[in-house]
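The tour moves from one selection to the next and says what is to be found at each stop.

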Amino acid sequence: MTRTELIELLSVKLPNLSLPMVEQLVKEVFDYISEAMAAGNRVELRDFGVFFTVVREAHEARNPKTGAKVVTEPHALPRFRAGKELKEQVNAALLTAEPKTIT
């Protein structure tokens, strides 16, 4: 699902809100999550999951193509851990659905 699809779905489910209001609401939620993670905080949405960052220290690595040693810079990585209820809902939906064949 894309952001646009989410906005369209919410505008149908919340007919008392105009489309621009729903767009602003979705933007504000995503902005808040992004800002909190950028500040090093975790964002927990009960029964859905947790957004957090992991900081990787600088370390020495190797370029797989040339074998040359490379020093990586320290950097932060965004992470998401699904909550128990979300995992159960996804598993229940996938286990009851018909298997898809890959062509």
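In this tour, a helix is a DSSP run of H or I with at least four residues, and helices are numbered from the N terminus. Please bear in mind that the model is predicted.

**First stop: helix α2**

Select residues 19-38, which form helix α2. The helix has 20 residues, and the distance from its first C-alpha to its last is 28 Å. This is close to the 28 Å expected at 1.5 Å a residue.

Which residues of α2 are buried? Colour Val22, Val26, Ile33, Ala36 and Met37, and the buried residues of the helix are marked. They lie on the same side of α2, because they cover an arc of only 110 degrees around its axis. In general, an α-helix has 3.6 residues a turn, so residues three or four places apart point the same way.

Next, display the elements that cover these buried residues: they include α1 (3-13), β1 (43-45), β2 (49-56) and β5 (75-82). Then turn to the face of α2 that points away from its buried side, where the exposed residues Pro20, Tyr32, Glu35 and Ala38 are found.

Show the side chains of aspartate 31 and lysine 27, which meet in a salt bridge with an N to O distance of 2.6 Å. Both residues belong to helix α2 and are 4 residues apart, about one turn of the helix. Is aspartate 31 buried or partly exposed? Its relative accessibility is 27%, so aspartate 31 counts as partly exposed. Lysine 27 is partly exposed as well, its relative accessible area being 39%.

Select glycine 40, which comes just after α2 and takes a positive phi of about 90 degrees.

Select Arg42, Glu44 and Arg46, which salt bridges link into a network. Within this group, the side chains of glutamate 44 and arginine 46 meet at 3.4 Å, N to O. Glutamate 44 is partly exposed, at 40% relative accessible area, whereas arginine 46 counts as exposed because its relative accessibility is 69%.

**Last stop: glutamate 60 and lysine 69**

Finally, show glutamate 60 and lysine 69, which form a salt bridge whose closest N and O atoms are 3.8 Å apart. Glutamate 60 and lysine 69 are both exposed. How many salt bridges are counted in the model? The count comes to 4.

Key:
Residues are numbered from 1 along each chain as its sequence is written. This is a predicted model: local features need pLDDT of at least 70, side-chain atom pairs count only at pLDDT 80 or more; totals for chains, interfaces and linings use all residues. Side-chain values use heavy atoms; hydrogens and water are left out. Helices (H or I, at least four residues) and strands (E, at least two) are DSSP runs, numbered from the N terminus. The expected span of a helix is 1.5 Å times one less than its number of residues. Buried means under 20% relative accessible area, exposed over 50%, partly exposed in between (1.4 Å probe, protein chains only). The arc is that of the directions from the helix axis to the C-beta atoms. Contact means heavy atoms within 4.5 Å.
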